[in-house]
Amino acid sequence: MKRGLRAFTISASLMRIPGTTIARPRSNPRTVARALNGAVLGRVEIGAIGGTFMRDLTFRGLVLRDTSGAIVARVPEARVRFTLPQLLRRRFIFTEVTLEQPEIHLVKYRSGLMNYEEVLRIGKGSGTAVPPLVQLYNVRISDAALTITVPWRPNVRTAAQRDSARAVQLKAHPGRRIIRGRDGPVQVTAFAHLTTRLQYLLVSSPTRKPIAAKLDTLAVQISDPQVEITDASGQIELRGDTLAFQMQRVALPNTEGVGGGRVFWPQDTILFDFRFNAPRVDLVDLRFVSPGFPAMRGRGSPPRDGGGR
C-alpha cells in the first residue's frame, strides 16, 4: 500500500484538483524531486518542470546523485511521455523519451559494486528494498557524454613503481586516462558524442534484471581503445561490470560488419572480447586492436561457418 501511495504522491504533486475541476498543474520541482527520491538510493534534483502532467513531462536541470553526492547522471533537458495508470501502480513505463546532451558516469567502487546498482537498488548489498520497474520505449539520446571509471590496481608495492607502471600504460595505450580518485587511482574511459535511438531500454525491474536495450542506431567516439563507431544496431545487456552485445550492423568510418561479444572491467582495466565479420574493412579503423596495422583496405565475403575476422 505504501508503494501505491508513493506513486500517487508523484502524480498528485503535479496537479491541483479543486472539487471536480482540474486546475493548472503545479510545477514545483522540489515537490516532484522529493517524490522521486523515494524510488532511488541517492538524490534527485530538478531545476524546472513542465508539460501536460497527465501524459507528458519536460524536465530541465535533472540530476541524479549517489549516496555520497557524486553525480551519476545530469540531463539538461529530458522529455517523457507516459500513461498515468502505470505511473500510479509504481510502474515507470515511458512510451517516448528524449534526452538532450546527457552526462552519465558509471563508477565501479572498490567493493565491486557499480554506482548505478547502488542507486537503483539492483546490485548485491544494495539493501532489501524492491527496485521499481523503469522501462523506456522510443528513446532518443543526442550528444551524450558517458564515462566508465574503474579502480586501477597495478601489482606494485611502492609509489615509484606505481608511477612507472602508470607511465608504461599511458605510453602503450593512446587515449588511456589514469587519474587520482577519491579512494586511490582510477582508470577512466570516455564515450563522447554518443547519439542513439533505442527501441526500448530496461533500466530497473523488481526482479533485478540487468539493464538491457535494443538499438536502432548508435554513433560514438571511444577514448580507450581509440575507436569511432559511426553506426550500429543490435542488442546490449549491462550486468554488473560486464557489457554484452550482439550487433546486426556495425560501421566504423571505412569498415562495415556484424559481430558480438562483451566489454568487461573485472579488475584494473577494461577488457574486450568479441568476434567481428567484416565484408568491407579498413585496417586503419582497427588500429585499436593493433597499432601496427598498415593502411590497407579490402572487401570479402563473410565466412559460411560464422567465424570471426
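**Backbone, core and ring contacts in a predicted model**

Asn138 is located in strand S7; helices (H or I, at least four residues) and strands (E, at least two) are DSSP runs, numbered from the N terminus. The model is predicted, so local features need pLDDT of at least 70 and side-chain atom pairs count only at pLDDT 80 or more, while totals for chains, interfaces and linings use all residues. Residues are numbered from 1 along each chain as its sequence is written, and side-chain values use heavy atoms, with hydrogens and water left out.

Asn138 has a positive phi of about 50°, although it is not a glycine. At 46% relative accessibility, Asn138 counts as partly exposed, the class between buried (under 20% relative accessible area) and exposed (over 50%), computed with a 1.4 Å probe on protein chains only. Gln101 also has a positive phi without being a glycine, with a value near 50°. Gln101 is placed in the loop between S5 and strand S6 (103-107) and, at 48% relative accessibility, counts as partly exposed. A cis peptide bond, with omega about 5°, joins Asp224 and Pro225. Pro225 belongs to the loop between strand S10 (211-223) and strand S11 (226-229). Most residues other than glycine have a negative phi, and most peptide bonds are trans.

The protein chain contains 5 helices and 16 strands. Of its 309 residues, 42% are buried. Contact means heavy atoms within 4.5 Å. Among contacts in the protein chain with a separation of 6 or more, 51% are between residues 24 or more positions apart. The accessible surface of the protein chain is about 16,700 Å², and 54% of this belongs to carbon and sulfur atoms; the areas come from the Shrake-Rupley method with a 1.4 Å probe, and for residues only the protein chains shown count as cover.

The largest nonpolar core has 61 residues, of which Phe59, Leu136 and Leu201 touch the most other members. Strand S7 (residues 133-151) gives the most to this core, with 8 residues. A nonpolar core is here a set of buried Ala, Val, Leu, Ile, Met, Phe, Trp, Tyr and Cys residues joined through side-chain atoms within 4.5 Å. Beyond its neighbours within four places in sequence, Phe59 is in contact with Val32, Ile46, Ala48, Ile49, Pro76, Glu77, Ala78 and Val80.

Val32 is one of the buried residues of helix H2 (residues 29-37), together with Pro29, Ala33 and Ala35. Seen down the axis of H2, its buried residues fall within an arc of 160° (taken from the directions from the helix axis to the C-beta atoms), so they line one face of the helix. Arg30 and Arg34, on the other side of H2, are exposed.

A search of the whole structure finds 1 aromatic pair. The rings of Phe82 and Phe94 have centres 6.5 Å apart and planes at 90°, so the pair is edge-to-face. Rings of Phe, Tyr and Trp (its six-membered ring) pair if their centres lie within 6.5 Å; planes under 30 degrees apart count as stacked, over 60 as edge-to-face and the rest as tilted. Phe82 is in strand S4 (residues 71-82) and Phe94 in strand S5 (residues 91-100), 12 residues apart. Phe82 is buried at 5% relative accessibility, as is Phe94 at 17%.

The charged end of Arg262 sits over the ring of Phe264, 4.0 Å from its centre; this requires NZ of Lys or CZ of Arg within 6 Å of the ring centre and within 35 degrees of the ring normal. Gly259, in strand S14 (residues 255-264), is buried at 10% relative accessibility. Apart from residues up to four places away in sequence, Gly259 touches Gln246, Met247, Arg275 and Phe276.
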